[in-house]
Amino acid sequence: MAVRGLLYVDARFTNPDLSAEAYDKWYDEEHIPHLLTMSGCHAAMRYVDIDAKAEIPFLTLYPLKDVFWVHSAEFGTAIASTESNLLPGRSVFKSVAFDGRSYTLVESVVGEGAEYGDTAYVILTAMRADPESPAGPGERVDLRSSAIQRRFKQAYRYHMHEGQPEEWKQRWQSMGNPGGWPERDLVIQEFDGSQTEKQLASMAREIDDAEWTRSWLSVSSRVYKLTKSFGSNLGN
């Protein structure tokens with residue numbers, strides 16, 4: 001049975017010779033169009049952290065109709081578009097450090113901002129539970145609480161898919177993550193841009209100190225601006 005989910009990929013430059021223009025052109029005109037030809041990938045959203053000093057500024061989210069697609073032979077062919085004449089040294093891996101992981105969709109909730117404009121920003125809250133607790137306190141996340149729901153267009157809660165590719169696990173372990181895992185749980189809230197970036201940053205700080213996040217070992221909320229959208233949104 002297909003399990004809806006999300007492919008999460010963040011990125012940072014490691015090569016000063018790579019320009020943002022070349023990176024965007026490769027991503028928007030070569031890599032994502034290649035992925036969208038595949039049966040398991042029907043949409044992609046690219047974001048940038050609104051904090052100009054963010055250590056890992058770039059984020060791409062791919063909603064998946066079946067999270068097990070990341071184990072398929074078809075997904076393995078995605079590497080074919082990671083080399084390009086647009087990039088220094090041709091291979092993107094010579095210039096960019098990526099972190100990929102897959103999540104299953106737990107729930108989605110329509111907020112009171114759903115009637116307004118298209119999504120322009122997201123607040124992404126990454127939560128780390130005790131590594132000895134495989135499920136974490138996810139049942140305590142209430143997306144329907146009035147304090148949260150009155151603001152967003154739509155919100156999504158995800159839990160890390162346990163069947164991560166082995167090479168991803170090895171990379172996380174080499175980075176010193178507890179138990180070899182990054183954040184197991186995500187909450188993503190979509191906003192239409194009627195709020196200023198300053199207001200959204202204030203909301204992110206409120207989330208980190210909210211009652212529903214206090215039971216987690218660590219919580220980090222960041223605001224991302226949507227820079228490019230391909231296909232349908234996170235909910236489809």
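Tutor: Let us start with burial: a residue is called buried when its relative accessible area is under 20%, exposed when that area is over 50%, and partly exposed in between. The model is predicted, and in its protein chain of 236 residues, buried residues make up 49%. The accessible surface of the chain comes to about 11,400 Å², of which 49% belongs to carbon and sulfur atoms.

Student: Why is Tyr23 called buried?

Tutor: Tyr23 has a relative accessible area of 1%, and the limit for burial is under 20%; Tyr23 therefore counts as buried. The value for Tyr27 is 3%, so Tyr27 is buried too.

Student: What makes the pair of Tyr23 and Tyr27 edge-to-face?

Tutor: Two conditions apply: ring centres must lie within 6.5 Å, and planes over 60 degrees apart count as edge-to-face. The two rings are 5.4 Å apart, centre to centre, with 80° between their planes, and the pair is thus edge-to-face. Both residues lie in helix H1, 4 residues apart, which is about one turn of the helix. Ring pairs also link Tyr23 and Tyr27 with Phe13, Trp26 and Phe58 in a cluster.

Student: Which residues touch the most other members of the largest nonpolar core?

Tutor: They are Leu7, Tyr23, Tyr27, Tyr62 and Phe98, in a core of 27 residues. Two or more residues come from each of strand S1 (5-13), helix H1 (20-35), strand S3 (58-64) and strand S4 (96-110). H1 gives the most, with 6 residues. Another core, of 18 residues, lies apart from this one and includes Tyr121, Ile123, Ala129 and Ala210.

Student: What is Leu7 in contact with, beyond its neighbours within four places in sequence?

Tutor: Its contacts are Thr60, Leu61, Tyr62, Leu64, Val70, Phe75, Arg101 and Trp168.

Student: What makes S3 a mostly covered strand?

Tutor: Of its 7 residues, 7 are buried. Phe58, Thr60, Tyr62 and Leu64 point one way, while Leu59, Leu61 and Pro63 point the other way, and all are buried. In a regular strand, side chains alternate between the two faces of the sheet.

Student: How do you know that S3 pairs with S1?

Tutor: Pairing requires at least two bridges, and S1 and S3 share 7 in the antiparallel sense. Tyr8 stands opposite Leu61 in S3. Strand S2 (residues 43-49) is joined to S3 by 4 bridges, again antiparallel, with Arg46 opposite Thr60.

Student: What joins S6 to S4 and S7?

Tutor: S4 and S6 run antiparallel and are joined by 7 bridges, while S6 and S7 (residues 185-191) pair in the antiparallel sense over 6 bridges. Strand S6 (residues 154-160) has 6 of its 7 residues buried.

Student: Why is the contact between Asp24 and Arg46 called a salt bridge?

Tutor: The criterion is a side-chain nitrogen of Lys or Arg within 4 Å of a carboxyl oxygen of Asp or Glu. Here the N to O distance is 2.9 Å, so the pair qualifies as a salt bridge. Asp24 lies in helix H1 and Arg46 in strand S2, 22 residues apart. Asp24 is partly exposed, at 31%, whereas Arg46 is buried, at 5%. Asp28 belongs to a network of salt bridges with these two residues.

Student: What makes Asp51 and Arg222 a salt bridge?

Tutor: Their closest N and O atoms are 3.4 Å apart, which falls within 4 Å, and the pair therefore counts. Asp51 lies in the loop between S2 and S3 and Arg222 in strand S8 (residues 218-231), 171 residues apart. Both are partly exposed, Asp51 at 35% and Arg222 at 30%. The structure holds 8 salt bridges.

Technical notes
Residues numbered from 1 in each chain as written. Predicted model: local features only at pLDDT ≥ 70, side-chain atom pairs only at ≥ 80, totals over all residues. Heavy atoms only, no water. Core = buried A, V, L, I, M, F, W, Y, C linked by side-chain atoms within 4.5 Å. Buried < 20%, exposed > 50% of the residue type's maximum accessible area, 1.4 Å probe, protein only. Contact = heavy atoms within 4.5 Å. Areas by Shrake-Rupley, 256 points an atom, 1.4 Å probe, with all protein chains shown as cover. Phe/Tyr/Trp six-rings, centres within 6.5 Å; stacked < 30°, edge-to-face > 60°.
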